[in-house]
Amino acid sequence: MAEEKSQASSSKMLTLKASDGVLFEVELNIAKEMKTVQAYIDDCEDIETIPIPNVLGKHLAIVIEYIKKTNEEYDAEFEKQWNMDDLQLLLLAANYLNISGLQECLCKAIAKRIENKSPEYVRKVFNIENDHSPEEEAKLRKEYKWAFEGVDKD
Amino acid sequence: MATPTTNVKKMKMVSSNSNYIPDHLSFSILSKLPVKSLKRFSIVRKSWSLLIQNPNFINIFRNNLISNSHPLYGGDGDVSLVLNQFVGTYDWNIYLISGKKFEKKVKLDLPLPFHLPQVGVTPIRVVDSAINGILCIYDCDGVHTTTVLWNPATEEKIVIPPGHAEFQSEFMTQIFPHGFGYDRVGDDYKIIQHVNYYTIDDENHLLHLEDVMPDPFWEIFSLRSNSWRKIDFDMPTIYSIFNSAVYFNGMCHWLGESDTLLVSFKLCNEVYFVTPLPLEDTQYDDDFVVSLTVLNESVAIITNWKNTTSFQISILGEFGVEESWIRLFDVELLSTIERLIGAGEKGNIFFRRDDGELVCFDLTTGLIEEIGIKGERCWCQIAIYKKNPHLIGDKQAISFPANA
């Protein structure tokens, strides 16, 4: 009985429209993993096409694939295929769509990639301006001298 | 047709700079970094330098540490505990314990060299941690006689040949295994031990007399070559044999010099680091207990004053750097801790309660679970264990993740 019920709800398809116009037909139970989409559906029950204006088709495809396949093994291999740019955009997408599992996975992946890097590299990656005064920065560099050893060259 | 609501309005274009990561996401990323990286990145911008003092951030950082599985064992649930229970001088038991409430307990049959006919079992210690399902056990009854590598799942045992220690009637010989570990570079299991010679004076003190006795020394055993080799290092030796040694990531760690120094010995290249512990003056006291363990991927110490209800945990940021210890936990319990006996998976801290029961405190839930076994005094040990059905030394037997 439960099986029939879930089949009935999962057979309903939804269309997601990415920012560049690419359309994705997904099953309702997949779409519901995106809490933002879930909220949209709750508001407008008979909607069929949902606009996702902040996510490119390329990334939405990856997100949908992740939701379908996620398990420990898949997650471990998942992040290896993407460069830093894509990882960040995927993280923004996961954040916007409110998918906590994917967010966790991506945060871990990005952390692993920057772990051994220099502060300059991290500033570039995150597009951050240094708001320390030169004195403050020098003081921190001195205080945490040990943390600067063995760092990857940029 | 439904009219747009606030939810729909949210779906508009948010930012034109598509790579701008908002603060809560960058903090989430930072909370997964090791201490060393966190300190280095305090230079990136002002708000990041204040993070480590932010209680919310520390909370998330802490939770990440204890909610991840032990790196040596992954998360596939086949992890259990090995408990060395001391009941009496010749009554020692090794249990394999598993289950969320530690319901499954299997008492193991100790390998033969440790049996004393009609007496029981020799006093035994498990060196460090179980590695790849292998326990390194030695008997510690005065004159050390036997060290064994033992895989309880296959019942395979390897008796380690004697090292370079000398035995003569004029003095006593003490052989003390300090570490058991896996050298990933050389694909080899190794044991490091210290040999000392002494006599006992009228006040029962141990005395090493330089002119009369050979010099104490360190030696390393390699399973591959099945032999011991002396090494000429002047490293601090273990002071208290209770929970002062742990293996992780190709290094054997132990507490030396009256539990004031952490020694970290890298097995593949025999380089070692000495890190002073972050002790306050009042803590150089026999009643202040330090236990060594590993939390997620950091070496950690659990400290407490004997017979109190609280304990603290600090993790190490960088070997050799005293300033890189970070205090992460200050826990106040309702039960009195007689003795801390180690850490298990995912934030489980084991201790002997003042009623003799061995219990587990879960750092994430704050709940205490009784194991259902009592232990005498401070001799009990606990280690994480994962069954390995292969023979010791089998190529397939090594199933470490990249950083083990």
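By class, the lining of the largest cavity has 20 nonpolar, ten polar and two charged residues. Here Ala, Val, Leu, Ile, Met, Phe, Trp, Tyr, Cys and Pro count as nonpolar, Asp, Glu, Lys and Arg as charged, and the others, Gly among them, as polar. The model is predicted, so local features need pLDDT of at least 70 and side-chain atom pairs pLDDT 80 or more, while totals for chains, interfaces and linings use all residues. Residues are numbered from 1 along each chain as its sequence is written, chains are lettered from A and ligands numbered from 1 in the order written, and side-chain values use heavy atoms, without hydrogens and water.

The structure holds three cavities of 30 Å³ or more. The largest has a volume of about 400 Å³. It is lined by 32 residues, and D128(B), S129(B), A245(B), V246(B) and I382(B) are the closest to its centre. Two or more lining residues come from each of β6 (124–126), β10, β15 (245–248), β19, β22 (325–343) and β26 (381–386) of chain B. The largest share, four residues, belongs to β26(B). On a 1 Å grid over the protein atoms alone, a cavity is a set of points where a 1.4 Å probe fits but cannot get out; a pocket is an open set with protein on both sides within 12 Å along at least five of seven lines; lining residues have an atom within 4 Å of a point. Grid points are joined across faces, edges and corners, and a volume is the space filled by probe spheres set on the points. Helices (H or I, at least four residues) and strands (E, at least two) are DSSP runs, numbered from the N terminus.

The second largest pocket has a volume of about 870 Å³. Its lining counts 32 residues, with Q174(B), F176(B), L206(B), I238(B) and I241(B) nearest the centre. In chain B, β7 (135–139), β10 (172–183), β11 (188–200) and β13 (217–222) each supply at least two of the lining residues. β10(B) gives the largest share, four residues. The lining of this pocket comprises 19 nonpolar, nine polar and four charged residues.

Strand β13 of chain B also contains I220(B). At 3% relative accessibility, I220(B) counts as buried (under 20% relative accessible area; exposed is over 50%, partly exposed in between; 1.4 Å probe, protein chains only). Beyond residues up to four places away in sequence, I220(B) touches K190(B), I191(B), I192(B), S227(B), W228(B), R229(B), I231(B), F265(B) and E270(B); contact means heavy atoms within 4.5 Å.

Strand β19 (residues 288–295) of chain B is mostly covered, with eight of its eight residues buried. In a regular strand the side chains alternate between the two faces of the sheet. On one side of β19(B) lie F288(B), V290(B), L292(B) and V294(B), on the other V289(B), S291(B), T293(B) and L295(B), and all are buried. Eight bridges join β19(B) to the antiparallel strand β20 (residues 298–305) of chain B; two strands pair if DSSP finds at least two bridges between them. S291(B) has I302(B) as its bridge partner in β20(B). The two strands form a hairpin with two residues between them, and N296(B) in the turn has a positive phi of about 50 degrees.

In chain A, helix α3 (residues 35–43) has T36(A), V37(A), Y40(A) and I41(A) as its buried residues. Seen down the axis of α3(A), they fall within an arc of 140 degrees, so they line one face of the helix. The arc is that of the directions from the helix axis to the C-beta atoms.
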